[in-house]
Amino acid sequence: MPIDHRCPRCQQLLSVPSERAGTIVVCSVCGASSIVEPALVGARQEGAGAAVPTGQYAGSGSELATIPVVPPPPRSPAWSEPPPPRQPATNGAARLSMDLSGLVLVSRRAIYLQGVLFCAVAALGFVTGYGMAQREAAVADAADDAVADAPVPVHGVINYGPKGVLQKDAGAVIIALPVAAQPEEKIPIRGLQVDEPPGPYTKIAVDAIQALGGDCVRADASGAFELVVKRPGKYRLLIISRNAVREKREKLPAQTLGEMGHYFAAPNELIGLHRWRWTTEQLDAKTAPIVHTFPTAGG
């Protein structure tokens, strides 16, 4: 005879065959296992004359029957099944569990292409920069060459007199001759002597000096002068005073006469009895103004 048994989990009333008393039954609603208590058998037998309710799963005496007396209550959190234990993730699983939503996937070919493009741009920039540097260097060299070949103006002042009482040596002759150049014919001295006023012969002599790349001028009333040599370099600079004279017994050094003789036909007559200065100078854009004073008697 069937007996009534209530599931301890979902409180569903079950119809259990009497021979199952004391055994374990499984609830057909929630699947929970429970033991049918023997005391329920006697209670069921006493009410044998009562009608046996039937439910959705009512069956024979050997089967469980469900008596839908009340709707099953909702599952209590206390009866919720525990979640399965978390397994430790391996390296690969950890990588797969990462959030990849913010990443941009790029193919290996694209990376290689970007590398090649970067190298090409770098090479192009290097070649362009090198070419620009070469052009700038060429321009700078051309500018240096232009400066190197540019005429060089030379300024100065010639004085004479005793110390502390200087006067302007107006009419003094200043001649610049390039050291590296030698005339095919000796330069005539007529027209260059300080005692001789400038004339046609002066132009002939000056033209010969300028043909070598040098220049020849006379100091003005203030003793100042300006000559222009053809290009920077070393020059023989000859200054002959107009107003300061030397003693007759003073002779010109043989070495000086020999050096002057490479340029002039008669250097001794060119100087005469006047005081002179023969030096080698570097004339260029950095040359400072030339200032010279010839001493006189009592100086």
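How many salt bridges does the structure hold? The structure holds four, and three of them are described in the points below. The model is a predicted one, and the comments should be read accordingly.

1. Overall make-up. The protein contains six helices and 13 strands. Of its 299 residues, 30% are buried. Among contacts with a separation of 6 or more, 66% are between residues 24 or more positions apart. The accessible surface comes to about 19,300 Å², and carbon and sulfur atoms account for 60% of that surface.

2. The salt bridge of D195 and R242. The side chains of these two residues meet at 3.7 Å, N to O. This pair links distant parts of the chain, 47 residues apart: D195 belongs to the loop between β8 (173-178) and α4 (200-211), whereas R242 belongs to strand β11 (residues 233-245). With a relative accessible area of 53%, D195 is exposed. R242 counts as partly exposed, at 33% relative accessibility.

3. The salt bridge of D207 and K203. Here the side chains meet at 2.9 Å, N to O. Both residues lie in helix α4, four residues apart, which is about one turn of the helix. D207 has a relative accessible area of 34% and is partly exposed; K203, at 53%, counts as exposed.

4. The salt bridge of R236 and E259. The side chains of R236 and E259 meet at 3.7 Å, N to O. R236 lies in strand β11 and E259 in helix α5 (residues 254-261), so the pair ties together parts that are 23 residues apart in sequence. Is R236 buried or exposed? R236 counts as buried because its relative accessibility is 19%, and the cut-off for buried is under 20%.

5. The largest nonpolar core. This core has 23 residues, of which I175, I187, L192, L238 and F264 touch the most other members. Which elements give two or more residues to the core? They are β8, α4, β11 and α6 (267-271). Leaving aside neighbours within four places in sequence, I175 is in contact with L192, I209, D215, C216, R236, L237, L238 and F264. Among these contacts of I175 is R236, the residue whose side chain also meets that of E259 in a salt bridge.

6. In soluble globular proteins, nonpolar side chains tend to be buried together.

7. The surroundings of E226. This residue lies in strand β10 (residues 224-229). E226 is partly exposed, with a relative accessible area of 45%. Which residues does E226 touch, not counting those up to four places away in sequence? They are P153, V154, H155 and V217. The C-alpha atoms of E226 and P153 are separated by 6.8 Å, although the two residues are 73 residues apart along the chain.

Methods. Residues are numbered from 1 along each chain as its sequence is written. This is a predicted model: local features need pLDDT of at least 70, side-chain atom pairs count only at pLDDT 80 or more; totals for chains, interfaces and linings use all residues. Side-chain values use heavy atoms; hydrogens and water are left out. Buried means under 20% relative accessible area, exposed over 50%, partly exposed in between (1.4 Å probe, protein chains only). Contact means heavy atoms within 4.5 Å. A nonpolar core is a set of buried Ala, Val, Leu, Ile, Met, Phe, Trp, Tyr and Cys residues joined through side-chain atoms within 4.5 Å. Accessible areas come from the Shrake-Rupley method with a 1.4 Å probe; for residues, only the protein chains shown count as cover.
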